[in-house]
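Subject: Structure for you to look at

Dear colleague,

Here is the structure I said I would pass on. My notes on it follow below.

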Amino acid sequence: ALKGKRCFKQELFATLHCCIATVYLGSLAHYVKQMNWICKLLCVILGIGIAALLGYSESARLKLRVHTLERLLRFFQQMEEEIRYTACPIHVLLEQHQEEIPFLSDCKTEMEQGASFWDSWRSAISRWQSESGLTQEDVRYLLEFGAAFGGLDKEGQLSGVQLTIRRLEQQREAAEENSRTKGKLFRSLGVLCGAGIALLVV
């Protein structure tokens, strides 16, 4: 009888152990499943966010180019008037617009330290280019202006400024069109890529 009771206790203990293990494993599997879904959800949110951000970032770069070209045009138009009517020194023109166009401040500083206009202009543009949104063609027109400006007489300077204004106006028109069409496209592609990532993850 004692032996039977002992066997019954052992069987009862084993049964309880199996039940507890089953419940524990079931809870663990449920927890793992929940964590898996949470990780997927986070990946989806992150993927959509990054893709959308890249699209909007590229769109913002196109708008930045338009704004930069507009500021440059105002500078050159003012320069044309000053050269034509007042013979204003170049360093004064640079100072008047340095708040609006950052590289002009660097150009003026280097000229005050003894560098030529061309060397100062080229050096300042090379440092500013990456944050301006300008294309290589935009920058080339600016550099061509700077290379010739310092060695010209009044009429030559006016011709150089007027040529640069015409070129920048053409670049601005193209930049505005790109911003309208490609800007919207980049934003849409960013959202669509994010949705595609979400479908792949889920």
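The count of aromatic pairs comes to 10. One of them is formed by Phe 103 and Trp 128, with ring centres 4.7 Å apart and planes at 35°. A pair counts as stacked under 30 degrees and as edge-to-face over 60, so this one is tilted. Phe 103 belongs to helix α3 (residues 103-112) and Trp 128 to helix α4, so the pair ties together parts that are 25 residues apart in sequence. Phe 103 and Trp 128 are both buried. They also belong to one aromatic cluster, which is formed by Phe 75, Phe 76, Phe 103, Phe 117, Trp 121, Trp 128, Phe 145 and Phe 149. Please keep in mind that this is a predicted model.

As for the overall make-up, the protein has 6 helices and 0 strands, and from the N terminus the elements run α-α-α-α-α-α. Of its 202 residues, 30% are buried. Among contacts between residues at least 6 apart in sequence, 68% join residues at least 24 apart.

α2 with α3. Helix α2 (residues 90-97) packs on α3 at an angle of about 145°, and the axes are 8 Å apart. The crossing of these two helices is left-handed. On the α2 side the contact is made by Ile 90, His 91, Leu 94, Glu 95 and His 97, and on the α3 side by Leu 104, Cys 107, Lys 108 and Met 111. By class, the residues in the contact of α2 with α3 are 5 nonpolar, 2 polar and 2 charged.

α3 with α4. The axes of α3 and α4 cross at roughly 145° and come within 8 Å. The crossing of α3 and α4 is right-handed. From α3, the residues Phe 103, Leu 104, Asp 106, Cys 107, Glu 110 and Met 111 take part. They meet Phe 117, Asp 119, Ser 120, Trp 121, Ser 123, Ala 124, Ile 125, Arg 127 and Trp 128 in α4. The contact of α3 with α4 divides into 9 nonpolar, 2 polar and 4 charged residues.

One of the α3 residues in this contact is Glu 110. Is Glu 110 buried or exposed? Its relative accessible area is 17%, and buried means under 20%, so Glu 110 is buried. Not counting residues up to four places away in sequence, Glu 110 touches Ala 115, Asp 119, Ser 120, Ser 123 and Arg 127.

α4 with α5. Helix α4 (residues 117-128) and helix α5 (residues 136-149) pack at about 165°, with 8 Å between their axes. Angles over 145 degrees count as roughly antiparallel, and α4 and α5 are therefore roughly antiparallel to each other. α4 passes α5 in a right-handed crossing. Phe 117, Trp 118, Trp 121, Arg 122, Ile 125 and Trp 128 are the α4 residues in the contact. Their partners in α5 are Val 139, Leu 142, Leu 143, Phe 145, Gly 146, Ala 147 and Phe 149. By class, the contact of α4 with α5 has 11 nonpolar residues, 1 polar and 1 charged. Among the residues of this contact, Phe 117, Trp 121, Trp 128, Phe 145 and Phe 149 are also in the aromatic cluster.

Regards

Methods: Residues are numbered from 1 along each chain as its sequence is written. This is a predicted model: local features need pLDDT of at least 70, side-chain atom pairs count only at pLDDT 80 or more; totals for chains, interfaces and linings use all residues. Side-chain values use heavy atoms; hydrogens and water are left out. Axes are lines fitted to C-alpha atoms, for helices over the stretch in contact, and angles run from 0 to 180 degrees between N-to-C directions. Helices (H or I, at least four residues) and strands (E, at least two) are DSSP runs, numbered from the N terminus. Angles under 35 degrees count as roughly parallel, over 145 as roughly antiparallel, 65 to 115 as roughly perpendicular and the rest as oblique. A crossing is left-handed if the near helix is turned anticlockwise from the far one by less than a right angle, and right-handed if clockwise. Contact means heavy atoms within 4.5 Å. Ala, Val, Leu, Ile, Met, Phe, Trp, Tyr, Cys and Pro count as nonpolar, Asp, Glu, Lys and Arg as charged, and the others, Gly among them, as polar. Rings of Phe, Tyr and Trp (its six-membered ring) pair if their centres lie within 6.5 Å; planes under 30 degrees apart count as stacked, over 60 as edge-to-face and the rest as tilted. Buried means under 20% relative accessible area, exposed over 50%, partly exposed in between (1.4 Å probe, protein chains only).
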